[in-house]
Amino acid sequence: MSSDRLSEDFSDEIMHIPDSQIATPMHERFKNLPPPKKTRPPPFTKARLIELVKEEPMIPIGLTSTIGCLVVGLTAVVRGNERLSHMMMRGRVASQAVVIFFAMTGPTAQRSWKYHKEKKEEKKIEQLSKLAAEKKLIDEAINSK
């Protein structure tokens, strides 16, 4: 198959862009857009920190263990205890891996827990509404006699 034949086969698939768009510079196309809104993030408070710790409790625990291993490992290096130093540096790497694991899987697990909790609540509400309907039917039957 010649190259001319190949170019003919694919010429139908090429998307045609109007000349008006090709000739217009990029900054001209977007000049009529409104400027972005300048918003500030809410201040980081102690209450927000406590809320975050309650949402993801394993992250602060893992960070604390990482810092602890680092401090103990560095003091072991200064004192010349190579065995303890190497053990603490391995512990630091392991605790960092745990922190990364929990940081990656935590939001997914949290969504899953919320979903199942909502489903459980919906099921409970449905059961209560069925019981209320049954009670209403029983009351109507008693009153009609």
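## Overall fold

Among contacts in the chain (heavy atoms within 4.5 Å) between residues at least 6 apart in sequence, 46% join residues at least 24 apart. This is a predicted model, in which local features need pLDDT of at least 70 and side-chain atom pairs count only at pLDDT 80 or more, while totals for chains, interfaces and linings use all residues. Residues are numbered from 1 along each chain as its sequence is written, and side-chain values use heavy atoms, with hydrogens and water left out.

The chain has 6 helices and 0 strands, in the order α-α-α-α-α-α along the sequence. Helices (H or I, at least four residues) and strands (E, at least two) are DSSP runs, numbered from the N terminus.

## Surface and burial

Of the 145 residues of the chain, 8% count as buried. Buried means under 20% relative accessible area, exposed means over 50%, and partly exposed lies in between (1.4 Å probe, protein chains only). The accessible surface of the chain is about 13,400 Å², and 64% of this belongs to carbon and sulfur atoms. Accessible areas come from the Shrake-Rupley method with a 1.4 Å probe; for residues, only the protein chains shown count as cover.

## Helix 5

Helix 5 covers residues 58–79, and its end C-alpha atoms are 31 Å apart.

Which residues of helix 5 are buried? They are I59, G62, T66, C69, G73 and A76. Seen down the helix axis, these buried residues fall within an arc of 125 degrees, so they line one face of helix 5; the arc is that of the directions from the axis to the C-beta atoms. On the other side of helix 5, T64, I67, V78 and R79 are exposed. Just after the helix, G80 has a positive phi of about 95 degrees.

## Packing against helix 6

The buried residues of helix 5 pack against helix 6 (82–144). S85 lies in helix 6 and is buried, at 8% relative accessibility. Apart from its neighbours within four places in sequence, S85 contacts G73, A76 and V77.

## A nonpolar patch

F44, L49 and V53 form a nonpolar patch on the surface, with about 290 Å² of accessible area together. Patches are made of residues with over 30% relative accessible area and no salt bridge, with like charges joined within 9 Å and nonpolar side chains (Val, Leu, Ile, Met, Phe, Trp, Tyr) within 5 Å. A salt bridge is a side-chain nitrogen of Lys or Arg within 4 Å of a carboxyl oxygen of Asp or Glu. V53 belongs to helix 4 (residues 46–55) and is partly exposed, with a relative accessible area of 36%.

Conventions:
The expected span of a helix is 1.5 Å times one less than its number of residues.
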